[in-house]
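Hello,

Here is the model I promised to pass on to you.

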2 protein chains.
Amino acid sequence: MADQAQRTTGRKNDPEGLRRRLVEAAYAAFTTRGYRATSVHDLKRETGATGGALAHHFPTKKDLALAVLQDQVAEIVEETWMRPVLTAATAGEGIRAVFAGIAAELEAQGSVSGCPLNNLALELARDDADFRRVIDAIFLRWRDAIADKIRTDLRAGAATTIDPEAFATFVVATYSGAMAMAKASQSAAPLRTCAEQLTRLMRDWRVP
Amino acid sequence: MADQAQRTTGRKNDPEGLRRRLVEAAYAAFTTRGYRATSVHDLKRETGATGGALAHHFPTKKDLALAVLQDQVAEIVEETWMRPVLTAATAGEGIRAVFAGIAAELEAQGSVSGCPLNNLALELARDDADFRRVIDAIFLRWRDAIADKIRTDLRAGAATTIDPEAFATFVVATYSGAMAMAKASQSAAPLRTCAEQLTRLMRDWRVP
DNA sequence: TGAAAAACAGGACGAACGTCCTGATTTGAA
DNA sequence: TTCAAATCAGGACGTTCGTCCTGTTTTTCA
């Protein structure tokens, strides 16, 4: 360090940038390899952060995981599920499209690491109340977005007597479970099968 | 040890018994706390087994987990799902009863530790092919049992055009996902909601 | 410009972790 | 009864874990 105290432009701190890189690396590691399976040393190596820097931003590993849930996982659910469904023509069409899109994506990349929320939920929700609160809140927002879309369809005259909240819970559960099976079989087939079954259910909620 | 080499009845080896106690303790720990969250030292303490005894029966932790999957998890799925469904009047009635029974059980014990198969599947299936094979096989047998029951109903004259295999996959996925949501919310509500939705679907597969 | 705070460097720390090793005891077959 | 194999005792081994600590540098603000 002494031989090059000043680089060409002068080195600068980038706290937000480093924090973001840490959270992104942790998101990738936690949702694919798992929370316990990932060591903080792994993250230091991947990001180039030192122990001091890491401890400054995230005193404990748990703090980092909470940030991953709030910043990354919530955002991914929003992007991949809520927005597509809310902007689709109908709830049914939106749900069908999301399933199909994710199935295609999994087949393209060849391996299935599962639903990020589901992966972390099953590993962290059980023993720690802080994790559970955050995870449950994300599940709730996810479900409510779908329920809202169904309510919109109903107001537009869809011919069904379904309960929006209950059906939304049903959709989220089916998706989560299908992803678990997809992970176990390393195949998008369960996802496609479940999408087909759900589509079958919804296709006669005709909107006039 | 030297002061009491011979106890009252004379100590005896019990290899099968010790093996069984180890697998049962590991099953309880792995499916509630998690595989990585459980140390082999924990299991030694809980069962009273020594390092040598443990290493003799299960050279590695992975061997123990494979035994847990094959001996315990497969058996639990058989007991709690396959047998009740196969012996029910109809597939629909069997599925409804299993959901209701498990929901009641969760509410009685106050906490939700999730579906044993699902818990281990999400933690172990991704990176290890040996685990994945065993887990996928259990999922398959589970699905096939339900599909068989639906086929039986169809032969008995049920009025539906459903594909047995696809619908069975759908049921397993919905259950797994509902249990994940139940774990996150520490409530049986998602299970009850999904059961209601599934029942609604199946109630007009009238068997004459 | 000076001082306090924030951001980061780099390693020390004890406490686990999973596995393996040597030897003692028990068991079953000869 | 003898002896090899199976079963178990108990601890050592090196590694890795998450956290904390003492400094140094950079940034902020008055």
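**Contacts with DNA strand C**

A polar side-chain atom of A:His56 sits 2.8 Å from a phosphate oxygen of DNA strand C, which is a polar contact in the sense of a pair of N or O atoms within 3.5 Å (within protein, one must be able to donate a hydrogen and the other to accept it, and residues adjacent in sequence count only if both atoms are side-chain atoms). Please keep in mind that this is a predicted model, in which local features need pLDDT of at least 70 and side-chain atom pairs count only at pLDDT 80 or more, while totals for chains, interfaces and linings use all residues. Residues are numbered from 1 along each chain as its sequence is written, chains are lettered from A and ligands numbered from 1 in the order in which they are written, and side-chain values use heavy atoms, with hydrogens and water left out.

From chain B, a polar backbone atom of B:Thr38 is 3.5 Å from a phosphate oxygen of DNA strand C.

By class, the surface has five nonpolar, eleven polar and three charged residues; Ala, Val, Leu, Ile, Met, Phe, Trp, Tyr, Cys and Pro count as nonpolar, Asp, Glu, Lys and Arg as charged, and the others, Gly among them, as polar.

**Chain A and its partner**

Chain A has nine helices and zero strands, and its C-alpha atoms fill a box of roughly 75 × 35 × 35 Å along the principal axes. Within the chain, the axes of helix 5 (residues 91-109) and helix 8 come within 12 Å and cross at roughly 10 degrees. Axes here are lines fitted to C-alpha atoms, for helices over the stretch in contact, with angles from 0 to 180 degrees between N-to-C directions. That makes helix 5 of chain A roughly parallel to helix 8 of chain A (under 35 degrees; over 145 is roughly antiparallel, 65 to 115 roughly perpendicular and the rest oblique). A:Ile95, A:Phe99, A:Ile102 and A:Leu106 of helix 5 meet A:Val171, A:Tyr175 and A:Met179 of helix 8, where contact means heavy atoms within 4.5 Å. This contact has seven nonpolar, no polar and no charged residues.

Helix 8 (residues 164-185) of chain A also packs against helix 8 (residues 164-185) of chain B, at an angle of about 105 degrees and with axes 6 Å apart. The two are therefore roughly perpendicular. Residues meeting there include A:Phe170, A:Gly177 and A:Met181 from chain A and B:Phe170, B:Gly177 and B:Met181 from chain B.

Finally, a rotation of 180 degrees with 0.0 Å of shift along its axis superposes chain A on chain B, with RMSD 0.0 Å (least squares on the C-alpha atoms of residues with pLDDT of at least 70 in both). That is the relation of a two-fold axis. The same surface serves both copies, as 93% of the contact residues of chain A recur in chain B.

Best wishes

Notes
Helix = DSSP H or I, 4+ residues; strand = E, 2+ residues; numbered from the N terminus.
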